[in-house]
Amino acid sequence: MSDKGMNLTLKIWRQKDSKSKGKMETYKLSDISEHMSFLEMLDVLNEQLINEGQEPVAFDHDCREGICGMCSLYINGEAHGPDRGITTCQLHMRMFNDGDTIVIEPWRAAAFPVTKDLIVDRSAMDRIQQAGGFISVNTSGNTQDANAIPINKSDADKSFDAAACIGCGACVATCKNASAMLFVSAKISQFALLPQGQVEAKERVDNMVKQMDLEGFGNCTNTGACEAECPKGISLENIARMNREFIKSAVLKDK
Amino acid sequence: MALSGFFLLFFLLMHLSINLLSVFSEDAFNTVSHFMGYNPLIQFLMQPILIAGIIFHLVMGMVLEMKNRKARGVSYAKNNAAANSTWMSRNMIITGIMILLFLVAHMIDFWAHEIDYKYIAANAEDPTRYWEELHHKMGDPLHVGIYVVAFVFLSLHLMHGFQSAFQSVGFNHNKYTPAIKKLGTLYAILVPLGFIFVALFHFLTQSH
Ligand code: HEM
Ligand code: SF4
Ligand code: FES
């Protein structure tokens with residue numbers, strides 16, 4: 001393994017705040033180790049910018065181990081870059097070569113306005129969650145133990161897989177329609193598969209889909225791009241389940 | 001979208017079976033065509049339903065496309081869409097509009113002629129004319145050329161559309177979905193190929 005660092009050209013979206021126009025800027029970086037993560041590479045760039053008296057590039061990040069969903073970035077035309085099943089903090093520089101030009105853009109969706117540089121406002125997803133992505137539990141002190149209700153293994157597994165969604169928004173960013181249906185369907189499925197989720201099932205799907213449309217996300221046309229780019233491997237099966245839940249609710253509604 | 005899609009998929013199968021008759025038997029094709037042309041149930045119930053289905057499908061398709069474009073807002077400077085989705089799935093509006101252009105030509109070609117023959121010129125019923133008319137039309141290389149190209153676009157539309165319609169109505173199953181995808185590809189190849197075959201058959205068996 002060579003220790004020689006890579007020389008890179010970065011093209012990065014710079015935008016002062018949500019109201020300004022923004023444009024792509026070009027930066028040169030040298031001697032980047034292939035063992036670095038993508039975010040560490042951006043840290044190096046920011047130190048360089050600070051030393052030169054320039055404004056560092058603003059980007060979202062928190063856990064840096066693929067669990068929080070904060071890091072975003074559209075890298076060389078793909079959400080979270082060219083690797084599969086990972087977030088940007090888990091993307092390694094060994095995926096790139098010496099001399100590469102790397103284009104870095106924020107998530108693009110009408111429902112995700114850019115607040116600064118590479119940071120977008122993803123609170124639309126929070127509002128969808130608040131519209132129904134929960135179960136109401138009575139906390140009176142005599143709450144039933146969840147394990148007292150038998151649940152078949154396959155449903156439990158599928159529910160758990162859906163619950164792995166970290167709300168990163170890569171599905172929206174990558175979808176040609178900026179549709180949030182993979183995210184919303186994961187949040188609906190994790191409850192739809194469990195007995196505890198049945199009580200509010202109808203209201204949940206109605207309210208979450210309504211909020212999703214209100215926020216200005218597009219509609220799914222089944223391209224499958226979201227599933228391919230999702231860091232948690234959330235399956236399209238969830239979208240079909242959400243469609244079923246939605247149809248069921250529309251048919252059974254009493255008004 | 002999906003319901004009208006399913007309906008059109010079913011209609012297309014029926015249309016193809018009638019076309020295929022013209023390869024095997026002039027008489028059978030004439031009989032069925034005449035029946036389709038003069039049966040009141042077909043003319044005044046099924047035909048309006050079909051037209052409504054097509055119009056619903058294409059209007060909804062265009063509304064969907066416009067909404068979805070608006071939902072992106074600013075487009076990416078660099079987008080590697082081929083890395084995660086097929087060309088067919090991303091260009092349904094393009095293949096759809098090509099089909100629409102063909103349908104307009106097709107309606108002028110066959111349907112307008114029928115309306116003229118039956119209602120404007122008010123000719124008497126002639127249950128033996130259909131095969132000759134079809135055979136004659138398909139003698140023109142331009143006709144056949146447009147026909148073949150249109151069905152290539154239909155094939156691309158259905159490569160994505162067939163399986164997509166199942167997902168849209170909520171049908172996705174570990175065991176059956178792979179089979180549906182295979183069936184969709186088969187349908188998207190064989191049905192348009194069937195139409196192309198009929199057109200080429202008439203083109204290549206012209207007597208002059
Ligand atoms: C008249 C011209 C047509 C136009 C403008 C059109 C347009 C569209 C559009 C925009 C979509 C949805 C987008 C997507 O899922 O990516 C679509 C879906 C579809 N189309 Fe068409 N189309 C046309 C004709 C046809 C015909 C003749 C057929 C079939 C025989 C057909 C079958 C389908 C199917 C099965 C779907 C998938 C439905 C779904 O996923 O819910 N289309 N079409
Ligand atoms: S479904 Fe996947 S891509 Fe979409 S928000 Fe959840 S984890 Fe991210
Ligand atoms: S920073 Fe938490 S997932 Fe990347």
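The part I mean is the side of chain B that touches chain A: which elements of chain B give two or more residues to that side?

A: This is a predicted model. Start with chain B itself. Its secondary structure comes to eight helices and zero strands. From the N terminus on, the order of elements is α-α-α-α-α-α-α-α. Along the principal axes, the C-alpha atoms of chain B fill a box of roughly 60 × 35 × 35 Å.

Now the interface. On the chain B side, 29 residues are in contact with 38 residues of chain A. Together the two chains bury about 2600 Å². Carbon and sulfur atoms account for 46% of that area. Three residues stand out: B:Arg72, B:Tyr76 and B:Asn84. They supply 24% of the area that chain B buries against chain A, more than any other three residues.

Your question about elements comes next. Those that give two or more residues to this side are α3 (40-72), α4 (87-90) and α7 (141-168) of chain B. The largest share, seven residues, comes from α3(B). By type, the chain B residues on this side divide into eight nonpolar, 15 polar and six charged.

What links the chains? The count between chain B and chain A is zero salt bridges. Polar contacts are present: 24 residue pairs, with both residues at pLDDT 80 or more.

Salt bridges do occur in the structure. A search over all chains finds 16. One of them pairs A:Glu215 with A:Arg127, with the closest N and O atoms 2.6 Å apart. A:Glu215 lies in the loop between α6 (201-214) and α7 (225-229) of chain A, and A:Arg127 lies in helix α2 (residues 123-130) of chain A, so the pair ties together parts that are 88 residues apart in sequence.

Chain B also carries a nonpolar patch on the surface. B:Met62, B:Trp87, B:Ile94, B:Ile97, B:Met98 and B:Leu101 form the patch. Together these residues have about 510 Å² of accessible area. Helix α5 (residues 92-120) of chain B gives the most to the patch, with four residues. B:Met98 is found in this helix.

To return to the interface: polar residues number 15 on the chain B side, 24 residue pairs are in polar contact between the chains, and the salt-bridge count between chain B and chain A is zero.

How values were computed. Residues numbered from 1 in each chain as written. Chains lettered and ligands numbered in written order. Predicted model: local features only at pLDDT ≥ 70, side-chain atom pairs only at ≥ 80, totals over all residues. Heavy atoms only, no water. Contact = heavy atoms within 4.5 Å. Buried area = accessible area lost by both parts, 1.4 Å probe. Salt bridge = Lys/Arg side-chain N within 4 Å of Asp/Glu carboxyl O. Polar contact = N/O pair within 3.5 Å; in protein donor to acceptor, adjacent residues only side chain to side chain. Nonpolar A, V, L, I, M, F, W, Y, C, P; charged D, E, K, R; others polar. Patch = residues over 30% accessible without salt bridge, like charges linked within 9 Å, V, L, I, M, F, W, Y side chains within 5 Å. Areas by Shrake-Rupley, 256 points an atom, 1.4 Å probe, with all protein chains shown as cover.
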